[in-house]
Amino acid sequence: MCGIAGIVYKDKKIHNIGDDMTKMLHALQHRGPDSAGFALYGGLSLKENEYILNIQLNNEKGLLNIVQDTINVKTPIIEDEIIPSIDNSLIYKCKIALDDFNDLKPLIMNIDNIDEGNKEVPKIDPKVIVLNGSHSFEMIKDVGSVLEIADRYNTRSFKGTHAIGHTRFSTESNVDRYHAHPFQTYIIKDVTVVHNGQITNYWKIRDPLERKGHIFETNNDTECLVHYIADKLHTGHSLEEALEHSVEDMDGPFSYIIGTPNGIGIAKDRLGLRPGVIAETDNVFAIASEEVALREVIDSTNVDVEQISPGEVKVYEI
Amino acid sequence: MVLMVSNSNSNNSNNKINNNINNSNNNSNNTINNTININKANTKTNKTNNEGDNGDNIYSLDLSSYSPRKVNQDLKKVAADYDKVIIKNPNAMHYIAAGLTGPANIEIDGSAGYFVGTMINQAKIKITGNVGWFAGDNMTGGEIIIEGSAGDGAGQGIYDGTLVVKKSAGARTGEIMKNGTIIIGGDSGFMTGIFMMGGRIIVLGDLGEDAGESIIRGTIYVKGNIGSLGQNAKIAKIDETDKEELKSLLNSYDFNLDNQYFDDFKKIVPKSKRPVYGDNEDDHEEDYEEKHED
């Protein structure tokens with residue numbers, strides 16, 4: 001069991017999206033106590049070629065310098081800050097510029113490979129690992145309760161147009177910051193996923209993607225989902241089409257939400273074994289595992305809450 | 001701690017909720033003698049003046065800062081002593097009235113979350129909004145009326161009692177139900193009546209795919225279209241007795257339907273009480289109409 005949520009403001013204006021998503025995830029806390037995560041879109045004001053990297057590294061002396069050197073070889077660091085962590089690691093956050101988006105993944109792999117002793121998949125307690133590299137969204141994910149993470153990263157202060165979020169009840173892979181949702185891929189820019197359930201034909205989905213050049217860094221089925229959707233989007237499908245294909249191709253109980261720079265979408269397995277509800281007003285489109293989360297952002301006593309049917313897909317793009 | 005509760009016919013002119021803990025003097029000529037032992041720290045509100053048109057004793061709970069466990073502890077303390085308990089600000093909280101086996105008359109003003117009314121036995125619960133998954137799960141009696149829609153698994157495993165959803169329900173309505181009645185005013189989703197072992201489901205809208213999957217006893221009545229039938233399910237004729245029963249039942253819940261409404265009703269029943277899968281099902285089909293009476 002996990003909790004998933006998404007919200008879009010239809011007017012495309014900047015809203016208190018961090019506060020909204022914090023409330024929604026807190027309402028879903030009972031569905032997942034391990035970890036929580038946010039992808040908050042539309043609030044970053046980066047130039048066209050700029051990206052934010054969030055890198056987790058342990059407190060080993062000199063490691064931060066090596067990370068900085070690795071980045072600087074490729075591109076100068078424009079801004080950076082260090083976010084303290086609750087464990088023996090820290091989050092190094094920096095802004096960089098890359099003229100070609102396709103250079104982002106090799107750079108991230110170079111940083112990950114600093115930890116030469118941890119090249120196996122999945123990585124166990126890595127010294128260095130890139131949590132995300134984003135252009136149009138802010139990624140926050142960590143181990144702990146929603147409110148702990150909200151306080152640690154001040155999530156309530158984030159502004160934006162839309163967001164997705166997750167509370168995690170781990171069933172199949174590590175409980176650590178890297179395995180917390182959302183997951184991202186670098187096939188195309190700024191696609192993220194949060195997921196409730198299991199993809200039981202994981203290897204059947206993953207093998208063809210790997211043969212196409214997708215690089216997996218965990219054994220988590222959610223990572224497989226985001227690669228699958230990114231591959232569909234990369235090959236010209238719309239988000240709705242990509243989600244519809246996934247419902248046909250994926251086995252197992254699942255509901256998941258995709259975030260893109262343009263909106264969000266949800267897909268639910270054909271047997272309807274994982275929950276999903278939608279509420280919509282003139283200015284808000286919100287989806288969540290349970291109505292209790294929708295009520296944090298929508299007065300649903302006046303708004304019909306709609307159950308997502310088995311195998312159904314819903315998308316809202318701005 | 002003694003909680004004094006004033007009568008709903010009191011002449012108090014203001015409409016606000018009075019918290020009358022240890023404060024009975026100002027309403028002395030209008031108070032009644034209900035005294036309940038309750039922990040002050042757990043008490044948000046009690047009597048709402050000018051509510052209860054019939055002079056009912058009404059207890060009001062505001063769930064804004066309640067946990068489900070505390071709500072149900074308080075409900076067990078007060079429900080039997082009041083004509084009605086009104087729950088305000090439920091905010092789709094899970095497990096409201098779970099395990100409330102005694103008599104109670106509860107109105108939830110808003111939406112309830114998962115497992116509302118699970119395992120009730122005599123309580124009557126009305127919900128003005130929607131409910132999450134598994135409403136009325138394993139109830140053994142009583143009545144739940146939902147003015148809005150229900151999530152998946154409504155009436156899962158019920159042994160008896162009545163669950164009414166005025167709008168639509170999600171997937172697997174009445175899963176493995178043993179007895180009792182489920183009424184869905186709108187559509188009911190995928191695999192309605194899966195593993196049904198008794199009782200009846202009445203759907204006034206459409207049924208989703210695989211209706212009555214692996215049903216072995218019981219009946220699903222449907223007014224609208226059937227997406228498809230599940231294994232061991234078949235359509236049977238509806239007769240005048242069925243129509244009369246349905247009309248009487250549905251109109252008792254304010255559906256106000258005339259005789260003609262029931263003309264195109266269908267019912268889904270098991271092909272066999274002992275299906276054997278993997279073989280040709282038709283080889284094992286029994287005449288349900290003749291053999292289901294035991």
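The legends below describe close-up views of a predicted model.

**View 1. The open sheet of chain A.** Five strands of chain A form an open sheet in the order β9-β10-β11-β12-β16, and their pairing is antiparallel. Strands β9 (183-185) and β16 (313-317) of chain A stand at the edges, where each has a single partner strand, so one side of each is left without a neighbour in the sheet. On average, and with direction ignored, neighbouring strands of this sheet are turned by 20° against each other.

**View 2. Strands β12 and β16 of chain A.** Strand β12 (residues 263-268) of chain A runs antiparallel to β16(A), and five bridges join the two. Within this pairing, A:Gly263 stands opposite A:Glu317 of β16(A).

**View 3. Two helices on the sheet.** Helix α6 (residues 221-234) of chain A packs on the sheet, where it touches β9, β10 (191-197) and β11 (254-260) of chain A, and its direction makes about 135° with that of β10(A). Helix α7 (residues 239-249) of chain A also packs on the sheet, touching β11, β12 and β16 of chain A, with a direction that makes about 160° with that of β16(A).

**View 4. The interface of chains A and B.** Here 14 residues of chain B are in contact with 18 residues of chain A, and the two chains bury about 1,300 Å² between them, 50% of it on carbon and sulfur atoms. Between the chains there is one salt bridge, formed by A:Asp304 and B:Lys167, whose closest N and O atoms are 3.3 Å apart. Eight residue pairs are in polar contact between the chains, counting pairs with both residues at pLDDT 80 or more. On the side of chain B that touches chain A, six residues are nonpolar, five polar and three charged.

Conventions. Residues numbered from 1 in each chain as written. Chains lettered and ligands numbered in written order. Predicted model: local features only at pLDDT ≥ 70, side-chain atom pairs only at ≥ 80, totals over all residues. Heavy atoms only, no water. Pairing = 2+ DSSP bridges. Helix = DSSP H or I, 4+ residues; strand = E, 2+ residues; numbered from the N terminus. Axes fitted to C-alpha atoms, helices over the stretch in contact; angles between N-to-C directions. Contact = heavy atoms within 4.5 Å. Buried area = accessible area lost by both parts, 1.4 Å probe. Salt bridge = Lys/Arg side-chain N within 4 Å of Asp/Glu carboxyl O. Polar contact = N/O pair within 3.5 Å; in protein donor to acceptor, adjacent residues only side chain to side chain. Nonpolar A, V, L, I, M, F, W, Y, C, P; charged D, E, K, R; others polar.
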